[in-house]
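Dear colleague,

I am handing over the structure we spoke about, and my notes on it follow below.

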Amino acid sequence: MTSGAKGADRPIRVLFVCTGNSARSQIAEALMRRIGGPDFAVESAGTQPRGVHPLAIRVLAEIGIDWLAAKSKSVTDFGDDSFDYVITVCDRARQSCPVFPGSYESLHWGLVDPAEVEGTDEEKLTAFRRTRLELAQRIRPFVEAALREAGRKRPVLLA
């Protein structure tokens with residue numbers, strides 16, 4: 001983490017950004033809240049928010065995360081907020097992601113948008129499940145590294 005490192009009394013602030021804040025960043029936020037627990041304050045936003053995709057809600061429900069109340073948010077909603085990490089999960093958002101106040105580490109996890117997959121309902125659902133798995137596989141080691149960087153130790157929860 002950069003010089004804006006926080007003490008053990010403050011959660012590690014993470015923002016996930018994608019274009020629509022409908023699938024990838026929503027799934028990432030939900031998984032990060034579960035895996036990171038109270039050591040993390042997590043948000044997600046889109047450069048052009050368009051509503052949470054029903055299949056994102058469904059694949060989260062499959063693993064016991066109730067995401068029905070989730071709303072798409074705009075990156076402009078967080079323009080005055082500071083973060084420790086800003087993680088873009090799509091190439092388009094990476095190119096248009098605004099700069100946030102303070103110092104933070106910017107990461108990019110380019111993932112295919114499951115909302116753009118065409119095919120049968122089952123093929124679309126498979127794409128969302130694959131995105132959930134890919135994000136979980138990235139979030140677990142990220143949580144471990146961020147906790148280490150912040151000088152905290154605890155076991156990482158499984159999603």
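In what follows, a residue is called buried when its relative accessible area is under 20%, exposed when it is over 50% and partly exposed in between, with a 1.4 Å probe and protein chains only. This is a predicted model, in which local features need pLDDT of at least 70 and side-chain atom pairs count only at pLDDT 80 or more, while totals for chains, interfaces and linings use all residues. Residues are numbered from 1 along each chain as its sequence is written, and side-chain values use heavy atoms, with hydrogens and water left out.

The protein chain has four helices and four strands, taken as DSSP runs numbered from the N terminus (helices H or I, at least four residues; strands E, at least two), and from the N terminus on these elements run β-α-β-α-β-α-β-α. Of its 159 residues, 46% are buried.

The four strands form an open sheet with parallel pairing in the order 2-1-3-4, where two strands pair if DSSP finds at least two bridges between them. Strand 2 (40–46) and strand 4 (105–108) stand at the edges with a single partner strand each, so one side of each is left without a neighbour in the sheet. Strand 3 (residues 85–88) pairs with strand 4 in the parallel sense over four bridges, and Tyr85 has Glu105 of strand 4 as its bridge partner.

Helix 1 (residues 24–36) packs on this sheet, touching strand 1 (12–18) and strand 2, and its direction makes about 175 degrees with that of strand 2; contact here means heavy atoms within 4.5 Å, and angles run from 0 to 180 degrees between N-to-C directions, with axes fitted to C-alpha atoms, for helices over the stretch in contact.

Helix 2 (residues 54–61) has Leu55, Ala56, Ile57, Val59 and Leu60 as its buried residues, and these pack against helix 1 and helix 4 (121–149).

Which angle do helix 1 and helix 4 make where they pack? The angle is about 45 degrees, with the axes 9 Å apart, and the two helices are therefore oblique to each other (under 35 degrees counts as roughly parallel, over 145 as roughly antiparallel, 65 to 115 as roughly perpendicular and the rest as oblique). Among the residues that make the contact are Ile27, Leu31 and Ile35 of helix 1 and Phe128, Leu135 and Ile139 of helix 4.
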